[in-house]
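Here are a few exercises to work through with the model open. Try each one yourself before reading the solution.

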Amino acid sequence: MAQEYDLVILGGGTGGYVAAIRASQLGLKTAIVEKGKLGGTCLHKGCIPSKALLRSAEVFATTKRGEDFGVITSEVSLDFGKVQARKNKIIDQLHKGVQHLMKQGKIDVYEGIGRILGPSIFSPMPGTISVEMNNGTENEMLIPKNVIVATGSRPRTLPGLDIDGQLVLSSDEALQLEILPKSIIIIGGGVIGIEWASMLSDFGADVTVIEFADRVIPTEDKEISKEMQRVMKKKGINLITSAKVLPETLVKDEVVSISAEVKGELKQFKADKLLVSVGRQANLEGIGLENTDIQIDKGFIVTNEFYQTKESHIYAIGDVIGGLQLAHVASHEGILAVEHLAAEKPEPLNYSLISRCIYSNPEVSSVGITEEQAVEKGHKVKIGKFSFRAIGKALVFGESDGFVKIVADAKTDDILGVHMIGPHVTDMISEAGLAMVLDATPWEIAHTIHPHPTLTEAIGEAALAVEGKAIHS
């Protein structure tokens with residue numbers, strides 16, 4: 001028997017389940033269709049498991065230098081099985097939490113693959129959802145007034161570099177490793193590649209990163225990239241930039257080898273494993289988009305500023321629409337989509353005010369535009385920069401690499417961007433984000449008294465430095 005809903009959401013990841021909760025709050029009868037587990041990639045194959053591993057790597061690396069803190073230990077060893085068990089325990093706890101939220105919100109969850117049908121006996125327009133149930137029972141038919149497509153994404157690879165799960169891995173397989181490789185080649189020096197490079201290096205692996213651009217994390221401010229490269233090299237990571245990987249040279253035996261053109265020279269690299277980290281592609285196949293007038297451009301669903309597709313009752317959010325493929329972005333897109341379909345008249349999301357984070361060691365966080373982008377846009381800029389080497393709390397932590405950089409407009413005093421690299425900066429960026437939302441100036445940040453000793457003093461000092469008034473430099 002067909003079930004009627006105000007809203008059916010395809011995908012129970014971070015974007016999908018948050019949208020469902022908001023819909024429930026607004027009194028909409030809501031269902032989620034999820035083929036895997038609630039929480040999606042972020043909870044099970046991305047944000048949470050990778051950060052759990054990164055934390056274990058950080059503890060291991062810190063323990064090995066315990067003598068620096070006056071803590072003398074016997075030989076430090078790593079039990080990677082327990083590392084993975086801890087990761088899985090965290091995932092399980094959070095997964096149960098999401099399940100509870102669905103029950104609390106009286107949100108129906110269908111475990112299976114949902115496909116959008118074209119006009120049919122159920123509805124004169126596309127949007128009825130046929131659910132192929134995981135348990136093999138007869139398909140469920142859902143008739144919603146509105147649909148949100150939130151099917152997420154999966155790791156991309158390069159033509160000729162097929163993921164075999166043994167020697168050639170994506171981040172999905174890397175998260176399930178039972179034994180740490182002694183050496184690894186990472187293709188791609190973007191956010192995910194650098195996080196894995198940092199983690200595996202801290203676990204003791206020999207790491208080589210091959211990046212096509214002329215610097216790692218090329219979407220970040222150039223000074224941030226430069227500092228990251230300095231610290232990565234100090235950790236012993238081999239960074240190869242301006243390199244074109246040649247998939248046809250891939251050889252898999254007991255180890256894996258591959259060659260790349262590096263500044264006109266052919267170089268070969270060998271390791272126990274190869275991790276392909278070249279971005280993510282939207283999950284658009286098999287969900288019935290061909291039965292609609294929904295437009296696809298460059299592999300992503302086209303929407304307006306409120307996430308409506310060409311079929312006005314079908315919305316799309318998260319990784320399937322491209323842009324900033326971040327969990328917190330998908331969540332807010334989902335909230336706005338629901339509020340729009342519920343006629344709540346939300347304001348469009350301002351993507352320039354969204355913070356971005358890299359959870360490597362050192363961490364990176366940023367909001368707004370880079371110095372280079374500001375100059376390209378015609379701004380005359382002034383820069384405030386302050387090193388963690390002059391911050392007492394950073395020295396207490398034994399982590400003094402990095403800095404805070406504020407980019408401001410020299411004429412208007414507007415903050416254009418804030419960029420950080422160093423200890424715990426992913427926990428600090430929200431102050432900068434709030435400042436930009438409130439259209440604050442460096443003066444206002446500088447006159448916000450930052451407690452001493454804290455890492456956030458670097459933000460206040462960087463704000464003072466915009467006008468050449470930093471106290472501790």
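**Exercise 1.** Find what Ser153 is in contact with, leaving aside its neighbours within four places in sequence.

Solution. Start with the cut-off: contact means heavy atoms within 4.5 Å. Ser153 then picks up Thr41, Arg280, Gln281, Ala282, Asn283, Asp319 and Gln325. Next, look at the side chains: Ser153 and Asp319 are joined by a polar contact of 2.6 Å (a pair of N or O atoms within 3.5 Å, one able to donate a hydrogen and the other to accept it; residues adjacent in sequence count only if both atoms are side-chain atoms). Then place the residue: Ser153 sits in strand β6, residues 153-155 (strands are DSSP E runs of at least two residues, helices H or I runs of at least four, numbered from the N terminus).

A word on the source: this is a predicted model, where local features need pLDDT of at least 70 and side-chain atom pairs pLDDT 80 or more, while totals for chains, interfaces and linings use all residues. Residues are numbered from 1 along each chain as its sequence is written, and side-chain values use heavy atoms, without hydrogens and water.

**Exercise 2.** Is Ser153 buried or exposed, and what about Gly70?

Solution. Buried is under 20% relative accessible area, exposed over 50%, partly exposed in between (1.4 Å probe, protein chains only). Ser153 has 5%, so Ser153 is buried. Gly70 has 58%, so Gly70 is exposed. Gly70 lies in the loop between α3 (47-64) and α4 (80-104).

**Exercise 3.** How far apart are Gly70 and Val396 in sequence and in space?

Solution. In sequence, 326 residues separate them; C-alpha to C-alpha, Gly70 and Val396 are 12 Å apart.
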